[in-house]
Amino acid sequence: MKLPVKYGIVSVLAVCLTTAGSGCNPNQVQQQSVAGSQLKTFSKGGIGGVNTLSSVESARLPIYIYDGISYVTGNDLARALQLHSKWEADRNIYQLGDFDAAYELKIGSDDVRVDEGTIRLAQPPILRNSMVYVPVSALSPLFASYTNFVVTDEEVKLDLSSGTPSQPINGPEDTSTGGEADFMDDPNDPFKGEGPAAGHAEQSVASFANNNSNAAAPAGGASAPTHSAIPAAKLKNVDVNQLISKAQSYIGVKYLFGAPPYPESSRFDCSTFTRYIYGRYGISLGRTARAQATEGTSVSRKQLRKGDLLFFYVPGRFRTNKTVGHVAIYMGNNRIVHSSPEPENGVQITNINKPYWKETFLEAKRFVY
């Protein structure tokens, strides 16, 4: 049995699922939770329906009890963690993530899909009264990279003090040059310029690694990657200018968090866009930005080539700034093409010679030559 009011926590429920005919949009409502004398307000924020927390450093989520098991509502959790969320009624799946659906929770299943892997839960998420409930026991196993969870009988407290970006995402260009955080193009890029490269030779991963042995470590405090290079012994030989032209042909296609494959949805999120474009050229990428960041060959921000994938963290989302939250295709000359809810909504070209992008850059990966 659910306890709608527990230990003095009064909750105006503003958590619902966009099931067919329900007429309820979880991004158009607010929730207020009163715990003692403290008031925390959750509200929609940002383009694309990112669930944000307004000017507070902590959140208190009310606990609900079903059959003796403690739960929090999925949309309460998404708002507190500032994540996108989406209910897929046809698959009975609740999706959560930054700019792509890193988490897929299936109602009644102990297995949660996280990036390319699976995490087994002690109890499954449930659906009651058109609301998703996530077991409290699942919070730390799934979301420890975001925050600490302090659980009592009456509530779950989240520490959200990881900070906010020091610069706006679409701020002015950085007029200073020569800094460690500057992005630079590799002068030996065979696809430098606008036209296709002529007579570019095959290059093995070993040769590539030797030519980049002094590549800088990823910025933003990220440790050097520990995964291996592409096991096929050679980088994929494609016409990168054609690949970028193909990516540009989708400019204006709207962003959709957790977008199904493009032929089905006519929408992209950040990782489905890169996966679709690279897939058109025979390169198979992982499902999410975090999965894609474990692939390819690392390159320095000072030796970028057209077609490299650039990975960024999302400020204020994680306990550290080492977790990938966004992916884009590098076009050369400090430009990326990517699918994002901001600064515009959809597939767009962005100039990354700006403090925000320099600050949030994690690493670059190369799959093509």
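In this predicted model, D174 has a relative accessibility of 21% and therefore counts as partly exposed, the limit for a buried residue being under 20%. D174 makes a salt bridge with K358, and the closest N and O atoms of the two are 3.1 Å apart. Because D174 belongs to the loop between β16 (155–159) and α3 (205–211) while K358 belongs to helix α8 (residues 355–360), the pair ties together parts that are 184 residues apart in sequence. K358, for its part, is buried, with a relative accessible area of 7%.

A second salt bridge of interest joins the side chains of D308 and R366, at 2.7 Å from N to O. D308 sits in the loop between β17 (297–299) and β18, and R366 in strand β22 (residues 361–366), so this contact links parts that are 58 residues apart in sequence. Here D308 is buried at 1% relative accessibility, and R366 is buried with a relative accessible area of 1%. Salt bridges with shared partners also join K86, E88, R91, E104 and R287 into one network.

R91 is found in the loop between β8 (84–88) and β9 (93–97), and E104 in strand β10 (residues 103–106), so the bridge ties together parts that are 13 residues apart in sequence. R91 is partly exposed, at 33% relative accessibility, whereas E104 is buried, with a relative accessible area of 9%. In total, the model holds eleven salt bridges.

Attention now turns to the nonpolar interior. In soluble globular proteins, nonpolar side chains tend to be buried together. The largest nonpolar core of this model has 34 residues, and the members that touch the most others are L243, F273, Y278, L309 and I329. At least two residues of this core come from each of α4 (240–248), α6 (270–279), β18 (309–312) and β19 (326–332). Another core, which lies apart from this one, has 31 residues, including L77, A78, V112 and F143.

Setting aside neighbours within four places in sequence, Y278 is in contact with L243, I283, L285, G307, D308, L309, I329, F367 and V368. One of these contacts, D308, is also the salt-bridge partner of R366.

Helix α1 (residues 74–81) is a pleasing element to inspect next. Eight of its eight residues are buried, so the helix is largely enclosed by the rest of the structure. The buried residues are G74, N75, D76, L77, A78, R79, A80 and L81; among them, L77 and A78 belong to the core of 31 residues. Just after α1, Q82 adopts a positive phi of about 60°.

Strands of a sheet pair through backbone hydrogen bonds, either parallel or antiparallel. Strand β13 and strand β14 (residues 131–135) run antiparallel and are joined by three bridges, and R128 has M131 of β14 as its bridge partner.

Four bridges connect the antiparallel strands β9 and β10, and I93 stands opposite K106 in β10.

How values were computed: Residues numbered from 1 in each chain as written. Predicted model: local features only at pLDDT ≥ 70, side-chain atom pairs only at ≥ 80, totals over all residues. Heavy atoms only, no water. Core = buried A, V, L, I, M, F, W, Y, C linked by side-chain atoms within 4.5 Å. Buried < 20%, exposed > 50% of the residue type's maximum accessible area, 1.4 Å probe, protein only. Contact = heavy atoms within 4.5 Å. Salt bridge = Lys/Arg side-chain N within 4 Å of Asp/Glu carboxyl O. Pairing = 2+ DSSP bridges.
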